[in-house]
Protein chains: 2
Amino acid sequence: MDGATVSPMPEAPLAMMEIEKTPPRSPSNHDMPPPPDEKRYDDDDDRVWDCGAWFEYILVVVVSSILLIAASVLTIFWVIYYRRGFNMDDPKLQFNLHPVLMVGGYITLSGFSILLYRICRCCSHLIVKLCHTFFHACSIPCIVIGFLAVWDSHNQTQTPNFYSLHSWLGCITMGLFALQFVLGFFSFLILLCCENATYKFRSTMVPIHASFGVATFMLAVATAVTGLTQKAHFELGESYQQTIEEGIIINSIGVVLTGLGIIIPFAVRRSNSPANCKVYVTERI
Amino acid sequence: MDGATVSPMPEAPLAMMEIEKTPPRSPSNHDMPPPPDEKRYDDDDDRVWDCGAWFEYILVVVVSSILLIAASVLTIFWVIYYRRGFNMDDPKLQFNLHPVLMVGGYITLSGFSILLYRICRCCSHLIVKLCHTFFHACSIPCIVIGFLAVWDSHNQTQTPNFYSLHSWLGCITMGLFALQFVLGFFSFLILLCCENATYKFRSTMVPIHASFGVATFMLAVATAVTGLTQKAHFELGESYQQTIEEGIIINSIGVVLTGLGIIIPFAVRRSNSPANCKVYVTERI
C-alpha cells in the first residue's frame, strides 16, 4: 500500500453512512468494485481507525457532547440567575421559557439526535433510527411551547411579532424542521412496512434528509445568535457596553452555539465506523 | 450494476477532491483497489454525472453565486440608500465601510474562493490554487480596512470595543482566517518548492485546511447576522418593530447570509468532477 497517497486524517465515507438499509433480497451484491484508479482516503481500512483517527473521533464526540450540554446549562443558568427564572403570570418571566426551550429543543436535543445517528454505528440500524426519531420528537414540544411562550408574552406586552431577523430565521427554521420530521418519519419508519418496494425511494431520500438536517441545525444556530444579540440589547441596553457579567454569559452562550454550528457538521462528515463494526456496516449497505 | 444500491444524488468524493497532488514519482499507483464490499454512491461513474447530478451541480453553483453577489449588493444598497453612504470625516459614515467591506471580504470573496476551488476541477490544479489564494488575498485588505473603520469610528464616538457577541465572534473569525491563510499559503504554495519531500505533510494538511476553511466561513456568517441584528436595534430602535423598509432590507441580508452558510458547506461536500475531467482528477491524485 502506498502510504504517500493516504492522509493520516481519513475523510468520511459519508456516502456509505447515508446509504439506506439494503433490501433483504440483495445483502451482498459486490459484482462491481469501484474503479481502481480512484483511490480515496477511506479506502485504507487498516489506517482509517488508527490511533490518530480514534483520538480525533473521541475528541469530536466528547467536545460536541460537552458543547451541546453547555448550551442548555448556560442558558438555564442565565435565565434563572440573571432573568429571574420562570413565571407564567408575568409576561417578562413567561418569555424566559423561550430561550431555554428553544436552545434545549433545537440545539441540544436535535444536536444529540444528529450526533447519535452518526456515532452509534455498531448498534442495530432500526434502534438508532428510533432513538434519532425519539430525540427529535422530544424537541417538538420544546419548540411548540417555546414559540407559544414568546407569542403570548409579546401579545400581552403589545410587542409586535415577526419583524426582526431573529423571527424571520426562526420561522424558516421551524418550517424546515417540521418538513424534515414529517418526511423523515414517513420515509424512514412508515415506509419500512414495504421494505423492498420502497428501497429506492428511501435511498434517494437519505442524502436529502441528511443535508437538510444539517442545514436546519445551522439555521437554528443562526437564529439563536441573533436572538441572543437582540435580547442583550433589549435587556442590558447601555450597560451591555460595560462588559458586565450578564453580557459575558450571553456572549459565551453565543460562542458555544457557534462552536456547535461548526463541530456538528464536521462530526457528521467524518467516518464513525470502527473497524470492528464492519460487519454491521456491510449488513446495513 | 445494481441500481438498488445507488442513489440518484451521489455524495461527494470529498476525500478525492482533497487529496494533495501526487509526487511525480508515483503518478499511477493502483495496486490496491478499494475492497469490493464497500460500495459507495460515488463509485458509479456512469451515474455520477447523469442528468439529475448535472442539474443539481448547476443549481448549487448558480444559487451560490447569486447569493454571494446578492449579499454584497444588498449590503452596498442598504448602506448607500438608507445609511447615507461613506465619508471618512464623519465617524457614523466611516462606520458604513465596516459592513460593506466585511461582507465583501469575508463572505463574497472568501465564498467565491471556496466555491471556485471546488468548481474548477477541469483546470490545472496549480492555477486553481493560485486563484483560491488570490481571492483570499483580496479579502485581506477588505477585512483590515473594515476592522480599522469600525475601530476608529468607535474610538471617535467613544463607543467601547469588544463587548458584544458580534465582536467576540468577529475576533475569533479574524484569528482563524489569518491562521488559515498563513498555513495554507505556506503548506500549499511555498512547500511546493520541495514537492516530493513535503507531499506527506501537505496531504495531512488538506482535510484540516478544508474543514477549518468551512468553519471560518460559518463563523463569518454567524458574526454577520449578529452584527446586522445589533445595527438594526441601534439605528432603527423602536421603528424596527414597525416592519419598516430598512428593517426588511437588513433582514433580507441576514437571510441571504444564512442561506450562504447552508449552501456553501453543502456545495463543497458534493462531487464537482464531471466525468470528462477524470483524466485531470486522476492526475491530481
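Reader: How many disulfides are there over all chains?

Author: This is a predicted model, and a disulfide here needs two cysteine sulfur atoms within 2.5 Å. Take A:C142: the nearest cysteine sulfur belongs to A:C138 and sits 7.5 Å away, so A:C142 is in no disulfide. Over all chains, the count comes to zero.

Reader: Is A:C142 buried or exposed?

Author: To be called buried, a residue has to fall under 20% relative accessible area. A:C142 has 17%, so the label is buried.

Reader: What about A:C193, and which cysteine has the sulfur closest to that of A:C193?

Author: A:C193 is exposed, with a relative accessible area of 64%. The closest cysteine sulfur is 3.6 Å away, and the cut-off is 2.5 Å, so that's too far for a bond. The residue that holds this sulfur is A:C194.

Reader: What percentage of the residues in chain A are buried?

Author: Chain A has 285 residues. Of its contacts with a separation of 6 or more, 79% are between residues 24 or more positions apart. As for burial, the buried share of chain A is 60%.

Reader: Which residues touch the most other members of the largest nonpolar core?

Author: In soluble globular proteins, nonpolar side chains tend to be buried together. The largest nonpolar core in this model has 87 residues. Take B:I107: leaving aside neighbours within four places in sequence, its contacts include B:L68, B:F112, B:F217, B:L257 and B:L260. The residues that touch the most other members are A:I107, A:L257, A:L260, B:I107, B:L257 and B:L260.

Reader: Which element gives the largest share of the lining of the largest pocket?

Author: The largest pocket has a volume of about 1,200 Å³. Of the 49 residues lining it, the closest to the centre are A:I262, A:P265, A:F266, B:V214 and B:P265. Elements giving two or more residues to the lining include α7 (165-188) of chain A and α8 (199-236) of chain B. The largest share, 10 residues, comes from α9(B).

Reader: And by class, how many residues in that lining are nonpolar?

Author: Sorted by class, the lining of the largest pocket has four charged residues and eight polar ones. The nonpolar count is 37.

Conventions: Residues numbered from 1 in each chain as written. Chains lettered and ligands numbered in written order. Predicted model: local features only at pLDDT ≥ 70, side-chain atom pairs only at ≥ 80, totals over all residues. Heavy atoms only, no water. Buried < 20%, exposed > 50% of the residue type's maximum accessible area, 1.4 Å probe, protein only. 1 Å grid on protein atoms, 1.4 Å probe; cavity = no way out; pocket = protein on both sides within 12 Å on 5 of 7 lines; lining within 4 Å. Points joined across faces, edges and corners; volume = space filled by probe spheres on them. Helix = DSSP H or I, 4+ residues; strand = E, 2+ residues; numbered from the N terminus. Nonpolar A, V, L, I, M, F, W, Y, C, P; charged D, E, K, R; others polar. Core = buried A, V, L, I, M, F, W, Y, C linked by side-chain atoms within 4.5 Å. Contact = heavy atoms within 4.5 Å.
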